[in-house]
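Here is a short walk through one structure. Keep the sequence and the 3D view side by side as you read.

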Amino acid sequence: MELREKIPVRSDKTASRLIDKEAVIVLLDKQETVVLNEVASRIWEIIDGQKNIDELARAITAEFDVAYEKAVEDVAGFLEDMAQRGAITLNKDGKN
Amino acid sequence: MNNYICLLAHWDLTYKCNLRCRHCYAQGEKSREEVSYVKAKSIIDELKEMGCLYLVFSGGEILLRADFFDIASYARKQGFALRLLTNGTLIDETTSKRIASLYPLTVEMSIYAADKSLHDTITSVIGSFDRTIDAVALLKKRNLRVILKFLVMQDNVKEFRAVKSLAENLGVDFLFDFCVVTSDSGSDTPLKYRLNRVQLKDFFISNGIPLLEREAQEEALLCSAGLNNIFITPYLDVYPCIGIKYKIGNLWETSLRELWHSAKLNFIREIQTSDLYKCAQCEVRQFCSRCLGIAMIEDGDMFGPSSFDCAVAAVKKEVLEPKKEMVADEK
């Protein structure tokens, strides 16, 4: 499966809030807090367990001044980092 | 409108309790009704809208609420991080599993002694120690972060090291406090359990308690009450914090958003050091952790000195200054 077809799903073990356009994410089992920049926060906000990386990248392209291929690269990189932290899972079918 | 965000709400969900701790400040009012599940959900929604991220659920004993897990689960679904304060005595295998499903940041329980009969005397319930310790084990098994909290009082101060060791042996975090406070009913009966100056000094020295001396900055005399947090009672009275009995309003009558931006809460936020007519010039202010609430309740004036905090600061100075002189001599 292509990377851009994968669907991120937020982990149950997170708590988060958007404050002044920055997402504050508490990783509950690790007792860690992550604060995202504006673009990453928007990606986090629109993760709904349905949209795949391609769709997220298109949404970011529409909202920010970034080309589609760069958006895919950035979205995928961000999501892989978040998956490593345990904040999301990246699945082919959006199931945890 | 101010720019302060209410990041944390400390919410006492009930004042019903199955223990009768002698020093307890929490007092229920029989004539008042505690918050319903439906109303709790609407307040949780409003807290979420306001940007609140952390909820501290306490009491009383939260697990005495039949709808506690309904409230807590709803809060989790709305993306809150939870801290749970409980006496632990009602936690069995099933309850520990339900607690684990909430992924709480912490589960915090009080232990008053490593000597179980002393602990049970303080809680006035025989068997409470064993049940709390059993709860610790159950929660640890589920990889939850447990904190044991020790309130230092006259009759358990000698248990400090033993309780600290107990926490270490159980593999949990340990916190302590020596600030026994008056009852919510206004009674100062709990204060008889507070350490006096001599006992406090001995407690600091004999246990090697690390003490902080801040820069003598005037801002250090002010706390963060009402800046990023709020306190809510089971009757939905709202206060700047659990210690400041200056009521901002009630959530049956006014929205939380209105109370957050109210003149009453701004009054607390806008307190300046210059308003603290004696403390701003005090010679021990760098040792002082002044509490507006204690000054208000015990000395009748939130802008005046808190005799308790004055005593603690004086003791800290007595403990720290000889050490500073020794270091200076060595140099």
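Predicted model: local features only at pLDDT ≥ 70, side-chain atom pairs only at ≥ 80, totals over all residues.

Residues are numbered from 1 along each chain as its sequence is written, while chains are lettered from A and ligands numbered from 1 in the order in which they are written.

Start inside. In soluble globular proteins, nonpolar side chains tend to be buried together. A nonpolar core here means a set of buried Ala, Val, Leu, Ile, Met, Phe, Trp, Tyr and Cys residues joined through C-beta atoms within 7 Å. A residue is buried if 20 or more other C-beta atoms lie within 10 Å of its own, exposed if 12 or fewer, and partly exposed in between, with C-beta atoms placed from the backbone. The largest nonpolar core has 104 residues. Those with the most contacts inside it include V75(A), L55(B) and F57(B). Helix α3 (residues 68-85) of chain A gives this core its largest share, 6 residues. Helices (H or I, at least four residues) and strands (E, at least two) are DSSP runs, numbered from the N terminus.

Now take L55(B). Two residues are in contact if their C-beta atoms, placed from the backbone, lie within 7 Å. Leaving aside neighbours within four places in sequence, L55(B) touches A9(B), W11(B), A75(B), F80(B) and L82(B).

Next, a helix pair. In chain B, the axes of α1 (residues 37-49) and α2 (residues 68-77) come within 10 Å and cross at roughly 20 degrees. Axes are lines fitted to C-alpha atoms, for helices over the stretch in contact, and angles run from 0 to 180 degrees between N-to-C directions. The contact uses Y37(B), A40(B), K41(B) and I44(B) from α1(B), and D70(B), I71(B), Y74(B) and A75(B) from α2(B).

How do the two chains meet? 9 residues of chain B are in contact with 11 residues of chain A.

Finally, look at two loops of chain B. Most residues other than glycine have a negative phi. Y103(B) is not a glycine, yet its phi is positive, about 45 degrees. Y103(B) sits in the loop between α3 (93-100) and β4 (106-110) of chain B. Y103(B) has 19 other C-beta atoms within 10 Å, so it is partly exposed. N143(B) also has a positive phi, about 60 degrees, without being a glycine. N143(B) lies in the loop between α5 and β5 (146-151) of chain B. N143(B) is exposed because 8 other C-beta atoms lie within 10 Å.
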